[in-house]
Amino acid sequence: MSDVQITYVLGADHAGLQLKAFVKTFLEQKGLAVIDVSPKDNERVDYPDYAQKVCEALINKAHYRGILICGSGIGMSIAANRFKHIRAALCTDAYMAKMARAHNDANVLCMGERISGIGEAQSILEAFIDGTFEGQRHLMRIKKLQNLG
């Protein structure tokens, strides 16, 4: 899959729009494909609606990954992980993002605008984007995750 360009689907609620704008610009400057399903203004919205939009966009698209942002990242990660095909990871530092990709094959990154500053968010993004799934011993665990519930 390393030859296939990943498309990133972005979703944020009203509390994550500023960080989402940074993320979108960051990804586009790296030449990556971006689909933004976030609201266009900062009127109050419900985070599960945007988690659903992102997660549904990932169905049967192995070359898609999602990025969800709300105030803390917690709500988005809870909502996203309700979907059987999603492995969403709330990451507050680069190490978590690296491990989310390497060990958990996370296909959705969740972040909190009120938690991570721009510098930290950039390092999280770089680790998530550059990270690869190690496979092997982790693959059986991923398959078990898919069969829970």
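Helices H4 and H5 are roughly parallel to each other in this predicted model, because the angle at which they pack is about 20° and angles under 35 degrees count as roughly parallel. Two packed helices are described by the angle between their axes and the distance between the axes, and for H4 and H5 that distance is 8 Å. The points below describe this helix pair and then turn to the sheet.

**Helices H4 and H5**

- Helix H4 covers residues 94-104 and helix H5 covers residues 118-130, and H4 passes H5 in a right-handed crossing.
- From H4, the residues Ala94, Ala97, Lys98 and Arg101 meet Glu120, Ser123, Ile124, Ala127 and Phe128 of H5; by class, this contact has five nonpolar, one polar and three charged residues.
- Tyr95 is also found in helix H4, and it is exposed because its relative accessible area of 56% lies over the 50% cut-off.
- The C-alpha atoms of Tyr95 and Ala127 are separated by 7.4 Å, although these residues are 32 residues apart along the chain.

**The sheet**

- Five strands, in the order S2-S1-S3-S5-S4, form an open sheet with parallel pairing.
- Strand S2 (33-36) and strand S4 (88-90) stand at the edges with a single partner strand each, so one side of each has no neighbour in the sheet.
- Neighbouring strands of this sheet are turned by 20° against each other on average, direction ignored.
- Strand S1 (residues 7-12) pairs with S2 in the parallel sense over four bridges, and Leu10 stands opposite Asp36 in S2.

**A helix across the strands**

- Helix H2 (residues 47-57) lies across S1 and strand S3 (64-70), and runs at about 170° to S3.

Terms used. Residues are numbered from 1 along each chain as its sequence is written. This is a predicted model: local features need pLDDT of at least 70, side-chain atom pairs count only at pLDDT 80 or more; totals for chains, interfaces and linings use all residues. Side-chain values use heavy atoms; hydrogens and water are left out. Axes are lines fitted to C-alpha atoms, for helices over the stretch in contact, and angles run from 0 to 180 degrees between N-to-C directions. Helices (H or I, at least four residues) and strands (E, at least two) are DSSP runs, numbered from the N terminus. Angles under 35 degrees count as roughly parallel, over 145 as roughly antiparallel, 65 to 115 as roughly perpendicular and the rest as oblique. A crossing is left-handed if the near helix is turned anticlockwise from the far one by less than a right angle, and right-handed if clockwise. Contact means heavy atoms within 4.5 Å. Ala, Val, Leu, Ile, Met, Phe, Trp, Tyr, Cys and Pro count as nonpolar, Asp, Glu, Lys and Arg as charged, and the others, Gly among them, as polar. Buried means under 20% relative accessible area, exposed over 50%, partly exposed in between (1.4 Å probe, protein chains only). Two strands pair if DSSP finds at least two bridges between them.
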